[in-house]
Amino acid sequence: MQPFSYAKVASEEAAIATVNQGQTAAFIAGGTDLLGLMKDGVQTANILIDINSLPLADIESHANGIRIGAISRMSDVAFHPQIQERYPVISQALLQSASPQLRNMATVGGNLLQRVRCGYFRDPVFPCNKRTPGIGCSAITGYNRMHSIFGASEHCIAVHPSDLAVALTALDAVICIQGTEKARQISIHDFYLLPGETPAKETLLQAGELIVAIEVPHSAYKSYYLKVRDRASYEFALVSVAVALDVEQDMIKSARIAFGGVAPKPWRAWEAEEFLQNKAINEATFKDAAAVAIKEAKPQTHNEFKIELVKRALVRALSVVGEKS
């Protein structure tokens, strides 16, 4: 493992100033993903800036929604009473992530920034455009059962790994960022980037910027998170879906749908949402919406099964929320 320095800071300003001093500096809180990447030689840093002392762990409810501090632990957010009551999709997504031990350590900010779980990316033996742009994507011609069916490019077909990001996408969350000169807020829909011709660039986060919070707007939507995976514990999604519905008298006034495990970013099913508007709650409606959701799917050699899995997962998730409404 490459040698590195360590610095502990007490303010956002000090953290940002310190990270800007090193070309390969990185923030660390839980470190549950970063340290593994460094041990494997996939990611390097000459200095780690410990941000655990920063006042960014509060979960605050306000008139327009809820604000989740970036270094809030995943388990604390998952079991927070107001999260469970008002945003169950967030709690459900977090409790189906990782393991209890990791959830007690990992932060929500780190979860949103975790790197892809593509085996070719995480093994330096294989060429990977995310690690070294221009050398090729081993997954395209390799074993790609876990990879994208939406939004991929000829340079990268890896999927985004975060369950939490999928739930937040369905809730139209906003990422709050602090930089050297100014603070800014970015819609989660814009925050993550598709690979295109620059797969190494995964988010709009700029050098030296720090995620400080996630803002989730107030919503009367009923929500649910469904994750389909190879085993019931500590496994990444084959397909996941976050559904939020606004229902009145057995009619869907509005819908929000986001998929995980199928694209390089949390995949918003905009056309399926539009189709569901003002439709009756029944299985036929849900199946028709699922057919709309997969229209643009382009499977890889080993993951065509994900198309049917997306359809079934969406029908099931919509049925669960429909029964609660």
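Let's start with Phe150, which is buried, with a relative accessible area of 2%. Here buried means under 20% relative accessible area, exposed means over 50%, and partly exposed lies in between (1.4 Å probe, protein chains only). This is a predicted model, in which local features need pLDDT of at least 70 and side-chain atom pairs count only at pLDDT 80 or more, while totals for chains, interfaces and linings use all residues. Residues are numbered from 1 along each chain as its sequence is written, and side-chain values use heavy atoms, with hydrogens and water left out.

What does Phe150 pair with? The structure holds three aromatic pairs. Rings of Phe, Tyr and Trp (its six-membered ring) pair if their centres lie within 6.5 Å; planes under 30 degrees apart are stacked, over 60 edge-to-face, and the rest tilted. The rings of Phe150 and Trp267 have centres 5.3 Å apart and planes at 10°, so this pair is stacked. Phe150 lies in the loop between helix 8 and helix 9 (163-170) and Trp267 in strand 12 (residues 267-268), so the pair ties together parts 117 residues apart in sequence. Helices (H or I, at least four residues) and strands (E, at least two) are DSSP runs, numbered from the N terminus. Trp267 counts as partly exposed, at 22% relative accessibility. Now compare the angle in another pair: the rings of Phe191 and Tyr192 have centres 5.1 Å apart and planes at 80°, so they are edge-to-face. Phe191 is buried at 0% relative accessible area, and Tyr192 is buried at 3%.

Next come the charges. Side chains of opposite charge can pair when their charged atoms come close. A salt bridge is a side-chain nitrogen of Lys or Arg within 4 Å of a carboxyl oxygen of Asp or Glu, and by this rule there are 19 of them. One joins Asp50 to Lys8, with the closest N and O atoms 3.6 Å apart. Asp50 is in strand 3 (residues 47-50) and Lys8 in strand 1 (residues 5-8), so this bridge links distant parts of the chain, 42 residues apart. Asp50 is buried at 8% relative accessibility, whereas Lys8 is exposed at 52%.

Another salt bridge brings together Arg115 and Glu202 (3.1 Å, N to O). Arg115 sits in the loop between helix 7 (108-112) and helix 8 (138-141), and Glu202 in the loop between helix 10 (188-191) and strand 8 (210-217), 87 residues apart. Arg115 is buried, with a relative accessible area of 17%, and Glu202 is buried at 17% too.

Charges can also sit over rings: NZ of Lys or CZ of Arg must be within 6 Å of the ring centre and within 35 degrees of the ring normal. The charged end of Arg256 sits over the ring of Tyr221, 4.2 Å from its centre. Arg268 has its charged end over the ring of Trp270, 4.2 Å from the centre.

Finally, look for the second largest pocket, with about 250 Å³ of space. Among its 22 lining residues, the closest to its centre are Arg117, Cys118, Met146, Val159 and Phe236. On a 1 Å grid over the protein atoms alone, a pocket is an open set of points where a 1.4 Å probe fits, with protein on both sides within 12 Å along at least five of seven lines; lining residues have an atom within 4 Å of a point. The lining has twelve nonpolar, seven polar and three charged residues.

Note on methods
Points joined across faces, edges and corners; volume = space filled by probe spheres on them. Nonpolar A, V, L, I, M, F, W, Y, C, P; charged D, E, K, R; others polar.
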